[in-house]
Amino acid sequence: MDGGAAYNPRTVEEVFRDFKGRRAGMIKALTTEVEEFYQQCDPEKENLCLYGFPSEQWEVNLPAEEVPPELPEPALGINFARDGMQEKDWLSLVAVHSDAWLLAVAFYFGARFGFDKADRKRLFNMINELPTIFEVVTGTAKKQTKEKSSVSNHSSNKSKSNSKRGSESQAKYPKEMQSKDEYEEGLEEEDAEEHGETLCGACGENYAADEFWICCDICEKWFHGKCVKITPARAEHIKQYKCPSCSNKRTRP
C-alpha cells in the first residue's frame, strides 16, 4: 500500500502524528463510517485489509504485492469473518488487530530511523495516553470515565456523569463540555483527569477548549460536533440525538 509512502516520519513527534492520523482514519471506519466499511468487507472477495493513512482516511484493500512490504501489513482477511460473527464482535476483532498494526508501524519507523531507548519510551508514552481503537469501538474508555465520575462529587454543571440525570428539558438538548482552562482554574487534578478522559466516539480524541460536543441518546457516547456535522444551532432543535453508528445500526443477516 502507499499510505506511508508519501513521507517518512523521522522524529518522535512526526511518528506520533503519523500514528494519530492513521488511528483517526481507522476509528472512522469502525464508528461513524461503519456502514460503508461493513459493505466493503464482502466475504466473497479476496483477502482484504483495513488500512489507516496519516491523512485520517481509511481504505479496505488487498494487501501489498511487494515482499517484503514497505510497511508492516495489517491483519489479512478481515472480510472472511464478517458474516460468521455478531457485528459488534467482528468490529471489536478488527479493532484489536488495528491497534496491533498501528503499534507495529510506529515502532517500524522508530527502528528504521534509529530511535534510542529514551525515544522509544517517549513514543510509547505518547501513544499510551490515547485510548486504543478497541476501547473507542467497544466504549470501554467511556465506561472507565463514568466509573471515575461516580466517585467525584464536584458540582460542575457540565459534568458528563450527570448528563442523563438532569431535568427533562436538560435531557432534550446536547451539552457543551467544559474547557480545559476551567479545570486548571478551579478543579482538582483528579477531576481534571476524569474529564480529560472524555473521548469523542468518532475521532477518539479528548475535547479541547471551547469545542461543542453532543451526546448520543442511544449509546451515550460523546462526539465533537464537527465530527458528526452537528452545529450548536442545529442541536437546539434535536429532541433525541442518534449518532451515525446508531442511526445506521440494523439487524445483520
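Me: Is Arg 82 buried or exposed?
Reply: Buried: its relative accessible area is 12%. The cut-offs are under 20% for buried, over 50% for exposed and partly exposed in between, with a 1.4 Å probe and protein chains only.

Me: What kind of model is this, and how are residues numbered?
Reply: It's a predicted model, with residues numbered from 1 along each chain as its sequence is written. Local features need pLDDT of at least 70 and side-chain atom pairs count only at pLDDT 80 or more, while totals for chains, interfaces and linings use all residues, and side-chain values use heavy atoms, leaving out hydrogens and water.

Me: What's the average pLDDT?
Reply: The protein chain averages 79, and 72% of the residues score at least 70. pLDDT is the predictor's confidence in each residue, from 0 to 100.

Me: Where does it stay under 50?
Reply: Residues 1-6 stay under 50, and the model has 13 contacts for them beyond four places in sequence. Residues 150-180 are also below 50, with 51 contacts beyond near neighbours in sequence. A contact here means heavy atoms within 4.5 Å. Where pLDDT is low, the predicted coordinates should not be read in detail.

Me: OK, back to Arg 82. Which residue does its side chain meet in a salt bridge?
Reply: Asp 83, at 2.8 Å from N to O. Asp 83 is partly exposed, with a relative accessible area of 43%. The salt bridge rule is a side-chain nitrogen of Lys or Arg within 4 Å of a carboxyl oxygen of Asp or Glu.

Me: How many salt bridges by that rule?
Reply: The count comes to 4. One of them joins Glu 13 and Arg 122, whose closest N and O atoms are 2.6 Å apart. Glu 13 is in helix H1 and Arg 122 in helix H4, so this pair ties together parts 109 residues apart in sequence. Both count as partly exposed, Glu 13 at 37% relative accessibility and Arg 122 at 36%.

Me: And what does Arg 23 pair with?
Reply: Glu 205, with the closest N and O atoms 3.3 Å apart. That pair links distant parts of the chain: Arg 23 is in helix H1, while Glu 205 is in the loop between helix H9 (189-196) and strand S3 (213-215), 182 residues apart. Arg 23 is buried, with a relative accessible area of 1%.

Me: How many helices and strands are there?
Reply: 11 helices and 4 strands. They're DSSP runs numbered from the N terminus: helices are H or I with at least four residues, strands are E with at least two.

Me: How do S1 and S2 pair?
Reply: In the antiparallel sense, over 4 bridges, with S2 covering residues 58-61. Two strands count as paired if DSSP finds at least two bridges between them. Cys 49 stands opposite Asn 61 in S2. The two strands form a hairpin with 5 residues between them.

Me: Which way do the residues of S1 point?
Reply: Cys 49 and Tyr 51 point one way, Leu 50 and Gly 52 the other, and all are buried. In a regular strand the side chains alternate between the two faces of the sheet.

Me: Switching to the core: how many residues in the largest nonpolar one?
Reply: 37, and those with the most contacts inside it are Leu 30, Phe 37, Leu 50, Leu 123 and Ile 133. H3 gives the largest share of this core, 9 residues. A nonpolar core is a set of buried Ala, Val, Leu, Ile, Met, Phe, Trp, Tyr and Cys residues joined through side-chain atoms within 4.5 Å.

Me: What does Phe 37 touch?
Reply: Leaving out residues up to four places away in sequence, its contacts include Leu 30, Leu 50, Trp 58, Val 60 and Trp 90.

Me: And where's Ile 27?
Reply: In helix H1. Ile 27 is buried at a relative accessible area of 0%. Among the residues Ile 27 touches, not counting those up to four places away in sequence, are Ile 133, Val 136 and Ala 202.
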